[in-house]
Amino acid sequence: MKVTHLSWDGSQWQYPGAVNPAQPQLVLFFGGTDPAQTSLRYRRLASLFPAAEILGCSTAGEISGYEVTEEGGVAVALEFASTQIRTAGILLSGMAGSYQAGATLAESLRHDQLQALFVISDGNRVNGSELVQGLRDHVGESVFIAGGLAGDGGKFEETGVSFNGDALAGQIAVVGFYGESLQIGWGSVGGWTPFGPLRRITRSEANVLYELDGKPALGLYKSYLGDSAEQLPGSALHFPIMIRPESDQEEGLVRTILSIDDDKQSLTFAGNMPEGHTAQLMMASYESLVEGAAAAATHAATAVMRDAPGDHLVLMISCVGRKLVLNHRIEEEVEAVADLFPADTVFAGYYSYGEISPQHQGFCELHNQTMTITYFSERS
């Protein structure tokens with residue numbers, strides 16, 4: 001596998017060397033905070049790599065090497081030795097069709113040799129939990145799934161995904177990897193700490209939460225935020241919610257608020273909030289978030305042969321909430337990840353509105369507020 005790393009200079013893509021890389025089959029890119037900016041980045045890549053499949057999205061920040069940028073861009077052009085790829089995309093008008101979108105995409109890519117899916121999804125119009133469930137149900141648990149939701153800075157207004165064309169709101173793009181040559185390692189860790197009382201979700205519909213312990217959810221949530229409640233939904237990134245089945249208090253999923261409804265006293269999340277689950281607020285320190293990123297990297301690095309020929313690629317997808325908490329220390333979590341991989345590894349990624357990765361028990365879920373890592377290499 002050959003990986004070429006490109007960075008955006010404000011008008012063009014810059015890459016090492018004097019000539020274009022040979023013949024990449026796949027280009028992934030991340031950058032810009034609105035679809036128009038993302039579309040410009042796509043068009044420049046299409047002129048460089050007219051034969052490649054090109055997928056990308058708007059972000060809440062880009063990871064390029066050891067650096068984190070805003071309104072910049074990062075791209076990786078991948079030339080595989082023997083791994084085959086296929087891509088698929090779909091456009092949604094609202095969250096209600098998220099499960100079926102996942103099922104349709106999975107069916108179009110399903111094959112006996114399918115090893116992995118990498119997903120880039122709109123961040124505001126898609127229910128990430130339902131999308132992932134639709135994919136899982138139709139490709140099977142043996143197929144690795146990772147990826148993330150697009151961002152638009154911290155605005156939560158409109159995100160864009162590019163699938164071999166201009167970036168569109170509501171779009172989902174997926175690439176499938178086929179054959180036995182590709183090696184993949186993964187890790188997904190938060191580093192957030194629960195606080196406050198443990199409450200029960202007593203009324204919800206999919207990703208909309210109405211009641212906790214029989215009381216209006218928005219009112220309870222605002223009581224914890226105090227003065228920060230005036231800055232909702234943005235301030236919610238500092239205080240996500242962890243949910244778990246009542247029967248399993250070992251490992252939970254973290255959920256971030258996308259929007260609020262004062263009239264209905266409800267909160268809309270990036271993923272489902274099942275009735276009967278317990279819910280608890282979370283908070284984090286600089287140190288705990290950086291330690292979480294390092295733990296995710298450790299898990300990913302141990303799963304791949306470091307002596308595999310060719311280049312190695314680490315894709316990092318981290319949550320915009322982590323970026324807000326870490327602030328000027330944001331590059332510390334990227335450095336904590338990079339320090340655990342071979343020196344010649346290519347690092348790229350972005351800050352998202354949701355991260356898609358397996359949990360430690362192995363099956364894929366939508367996460368929020370995590371650092372998720374997907375580590376690619378290819379056997380000879």
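**Exercise 1.** Determine how strand E13 is joined to strand E26 in this predicted model.

*Solution.* Strands are DSSP runs of E with at least two residues, and helices are runs of H or I with at least four, numbered from the N terminus. E13 and E26 (residues 371-378) run antiparallel and are joined by 8 bridges; two strands pair if DSSP finds at least two bridges between them. Within this pairing, Val189 stands opposite Met371 in E26.

Residues are numbered from 1 along each chain as its sequence is written. As the model is predicted, local features need pLDDT of at least 70 and side-chain atom pairs count only at pLDDT 80 or more, while totals for chains, interfaces and linings use all residues; side-chain values use heavy atoms, leaving out hydrogens and water.

**Exercise 2.** Describe the largest nonpolar core.

*Solution.* A nonpolar core is a set of buried Ala, Val, Leu, Ile, Met, Phe, Trp, Tyr and Cys residues joined through side-chain atoms within 4.5 Å; buried means under 20% relative accessible area (1.4 Å probe, protein chains only). The largest such core has 60 residues, and Leu117, Ile172, Met316, Val337, Phe341 and Ile373 touch the most other members. H5 supplies the largest share, 7 residues. Apart from this core lies another of 32 residues, among them Met1 and Phe80.

Technical notes:
Buried means under 20% relative accessible area, exposed over 50%, partly exposed in between (1.4 Å probe, protein chains only).
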